[in-house]
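Trainee: Could you take me through one part of this model up close? I would like to see how a single residue sits in its surroundings.

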Amino acid sequence: MHEWSTARRFGPRDERTRTFRPSVYALAVNERGQVAIVRAPDGTFLPGGGIDPNETPESALAREAMEECGWRIAVGDCLGLAVQATSLYEKPSSFFAISIVDDTGTPTEAGHTTLWLPPDQAAQQLMHESHAWAVREFAGRIGPGIRTIRPARRIIGFHQDAEQHWVADLECGHTQHVRHMPPWQLRPWVLTPEGRAGKIGLELRCAGCADGPTVS
Ligand SMILES: [Zn+2]
């Protein structure tokens, strides 16, 4: 397990009094081994932030991921701890592997942009030394074998299920319902051979290919 007593400390070492602000950050690695960082009005950081008094690290991370990146996430293992001092704050920070369950594409807080970069480039952009340390230390470990997002898979065909609903066959071998069920789901194209033919090659996000994070 990880212990605060042995956690690395980053930032200025003077004796100034700082506000204690427990914080939590995410390491998300995509299929290309790139790490997600967030450009915000006040700097570039790993996704995450301060833990509110009523929150666990996991629930704080889930909230921050939606606010900053528009992601619904699954929180995996705690990878490590570090203490980041800034001019105002003392931030005991925990770093978690996450997987993105759903990318809504719409952060709920304005002014945040998610960037995916190779780990060394991500580390150079990050404002806090502790974040750069976490990327250098952990990104490689959660790279292999981790699928952090529902990967895009091409449609290669269609079939109907027992209830005559249309199902897309994906290149990965998984399937996905593409129902036309007005007024809830509108896909009139799926009812005609021409409509279906026009969607061959279209990419869908495959839940079957998205796993929770694992740490090697
Ligand atoms: Zn799949």
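Mentor: Let's look at A122, which is buried because 24 other C-beta atoms lie within 10 Å of its own, and the cut-off for that label is 20 or more. Do keep in mind that this is a predicted model. A122 belongs to helix α2, which covers residues 119-125. Leaving aside residues up to four places away in sequence, A122 touches V35, I37, L117 and V135. By contrast, S93 is 29 residues from A122 in sequence, and their C-alpha atoms are 18 Å apart in space.

Helix α3 runs over residues 129-142, and its 14 residues should span 20 Å at 1.5 Å a residue; the end C-alpha atoms are 20 Å apart, so the two values agree. Even so, α3 has a kink of about 30°, centred on R136.

Now step back to the whole chain. It has 4 helices and 13 strands, and its C-alpha trace spans about 70 × 35 × 30 Å along the principal axes. Buried residues, A122 being one of them, make up 29% of the 216 residues. Among contacts with a separation of 6 or more, 66% join residues 24 or more positions apart.

Terms used
Residues are numbered from 1 along each chain as its sequence is written. This is a predicted model: local features need pLDDT of at least 70, side-chain atom pairs count only at pLDDT 80 or more; totals for chains, interfaces and linings use all residues. Helices (H or I, at least four residues) and strands (E, at least two) are DSSP runs, numbered from the N terminus. A residue is buried if 20 or more other C-beta atoms lie within 10 Å of its own, exposed if 12 or fewer, and partly exposed in between; C-beta atoms are placed from the backbone. Two residues are in contact if their C-beta atoms, placed from the backbone, lie within 7 Å. The expected span of a helix is 1.5 Å times one less than its number of residues. The bend at a residue is the angle between axes fitted to the seven residues ending there and the seven starting there.
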